[in-house]
Each structure stands twice: as structure tokens, then as C-alpha cells.
Amino acid sequence: MMSPSPTQLRDAVDRYFASWASLDPSAYTACFSEDAIVHDPYGATPYYGAKAVRKFFSEVAHALQEVTIDAEAVHVAANRAAVVFRGTAIGMNGKPVQVDGIEVFEFNDAGRITTLWASWASAALLAKLRQ
């Protein structure tokens with residue numbers, strides 16, 4: 001199997017961010033390989049495997065009413081993409097939050113995410129959602 005092209009990797013990144021905007025756990029999980037590792041945020045306990053990734057996303061999605069998120073810059077090299085992103089969300093508590101960060105994706109030959117490293121200021125965002 002050939003490695004995905006830069007265009008295919010950009011499309012995979014677009015699907016990933018669209019899954020956030022839709023808050024759809026199935027769409028989010030479909031972006032990942034079965035044995036994916038997600039560091040979100042980096043430094044926290046990683047999520048291993050599709051079931052853990054789905055559980056993580058479902059819990060986050062349950063705390064949010066809506067999300068708008070954009071990949072502002074996508075840089076592809078070999079089987080990786082580094083993405084500068086910016087987003088806003090409204091929590092179930094009605095509080096608006098903003099998130100800015102960088103995510104680094106590693107993809108397999110099928111164009112699925114095998115490893116994700118997310119760097120963003122999680123403490124401030126989570127505190128606001130818990131108010």
C-alpha cells in the first residue's frame with residue numbers, strides 16, 4: 001500500500017476537525033486506527049485504542065453545546081501533519097470558551113491517525129466549562 005499523499009493527509013485533517021464541529025463520536029473515532037494513541041492534551045494520561053479514544057471524545061462532546069474549530073495552518077511532511085488551530089465552543093453550562101493550539105498527527109498508510117499529540121491550555125478551558 002502506498003503512503004497517503006499530502007492532499008489525502010490534509011483531507012484527513014479536515015475530517016478530524018469536522019468531527020469536532022459535529023460533536024459526533026463515531027465520526028471522530030473513524031479518523032483513528034484501532035490501535036491509536038491520543039495525547040490530548042499532551043502531558044495528560046494518553047488514550048490507547050479506539051474504544052478509549054471514543055470514550056474520551058464522548059465525554060468531551062457531552063460537556064459542549066456547540067463547537068467551531070478551524071485548522072489555520074496545516075503543514076504536511078511524510079506521514080505527519082502539524083496543525084495550528086483555533087476554536088470556540090459553548091459549554092452545556094452556557095459559558096463560551098476559546099481554544100488555540102497545535103496538534104501533530106501521525107498517519108498510517110490508510111490515512112488514519114495512529115498518534116495524536118495535542119498542545120493547548122487545557123486547565124483554563126476546563127475550569128471555565130466547570131463553572
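This is a predicted model: local features need pLDDT of at least 70, side-chain atom pairs count only at pLDDT 80 or more; totals for chains, interfaces and linings use all residues.
Q: What does Tyr-16 touch, not counting residues up to four places away in sequence?
A: Tyr-16 touches Tyr-28, Cys-31, Phe-32, Asp-40, Glu-103, Phe-105, Ile-113 and Leu-116 on that count.

Q: Why is Thr-115 called buried?
A: The relative accessible area of Thr-115 is 10%, and buried means under 20%; therefore Thr-115 is buried. Thr-115 has its place in strand E6. Leaving out residues up to four places away in sequence, Thr-115 touches Ile-37, His-39, Val-104, Phe-105 and Glu-106.

Q: What is known of the largest pocket, and which residues lie nearest its centre?
A: The lining of the largest pocket consists of 31 residues, and Trp-20, Val-60, Trp-120, Leu-125 and Leu-126 lie nearest its centre. The space in this pocket is about 580 Å³. At least two lining residues are supplied by each of H1, H3, E3, E4, E5 and H4. By class, the lining has 21 nonpolar, six polar and four charged residues.

Q: How do you know whether Leu-125 is buried or exposed?
A: Leu-125 has a relative accessible area of 13%, and the cut-off for buried is under 20%, so Leu-125 is buried. Leu-125 is placed in helix H4. With residues up to four places away in sequence not counted, Leu-125 touches Val-97, Gln-98, Val-99 and Trp-120. Leu-125 and Arg-15 are 110 residues apart in sequence, and 23 Å apart in space from C-alpha to C-alpha.

Q: What makes the meeting of Glu-59 and Lys-55 a salt bridge?
A: Their side chains meet at 2.7 Å, N to O, and a salt bridge needs a side-chain nitrogen of Lys or Arg within 4 Å of a carboxyl oxygen of Asp or Glu; therefore the pair qualifies. Both residues lie in helix H3, four residues apart, about one turn of the helix. A search of the whole structure finds four salt bridges.

Q: Why is Lys-55 called exposed, and why is Glu-59 called partly exposed?
A: Exposed means over 50%, and Lys-55 has a relative accessible area of 53%, so Lys-55 is exposed. For Glu-59 the relative accessible area is 48%, so Glu-59 is partly exposed.

Q: How do you know that Glu-72 and Arg-86 form a salt bridge?
A: The side chains of Glu-72 and Arg-86 meet at 3.9 Å, N to O, and the limit is within 4 Å; the pair therefore counts as a salt bridge. This pair links distant parts of the chain, with Glu-72 in strand E3 and Arg-86 in strand E4, 14 residues apart. Glu-72, Arg-86 and Asp-100 are linked in a network of salt bridges.

Q: What ties together parts of strands E5 and E4?
A: The side chains of Glu-106 and Arg-80 meet in a salt bridge of 2.8 Å, N to O. Glu-106 lies in E5 and Arg-80 in E4, so the pair ties together parts 26 residues apart in sequence.

Q: Where is the cis peptide bond from Asp-40 to Pro-41, and what is its omega?
A: The bond from Asp-40 to Pro-41 is cis, with omega near -5°. Pro-41 is in the loop between E1 and strand E2 (47-48).

How values were computed
Residues are numbered from 1 along each chain as its sequence is written. Side-chain values use heavy atoms; hydrogens and water are left out. Contact means heavy atoms within 4.5 Å. On a 1 Å grid over the protein atoms alone, a cavity is a set of points where a 1.4 Å probe fits but cannot get out, and a pocket is an open set with protein on both sides within 12 Å along at least five of seven lines; lining residues have an atom within 4 Å of a point. Grid points are joined across faces, edges and corners, and a volume is the space filled by probe spheres set on the points. Ala, Val, Leu, Ile, Met, Phe, Trp, Tyr, Cys and Pro count as nonpolar, Asp, Glu, Lys and Arg as charged, and the others, Gly among them, as polar. Buried means under 20% relative accessible area, exposed over 50%, partly exposed in between (1.4 Å probe, protein chains only).
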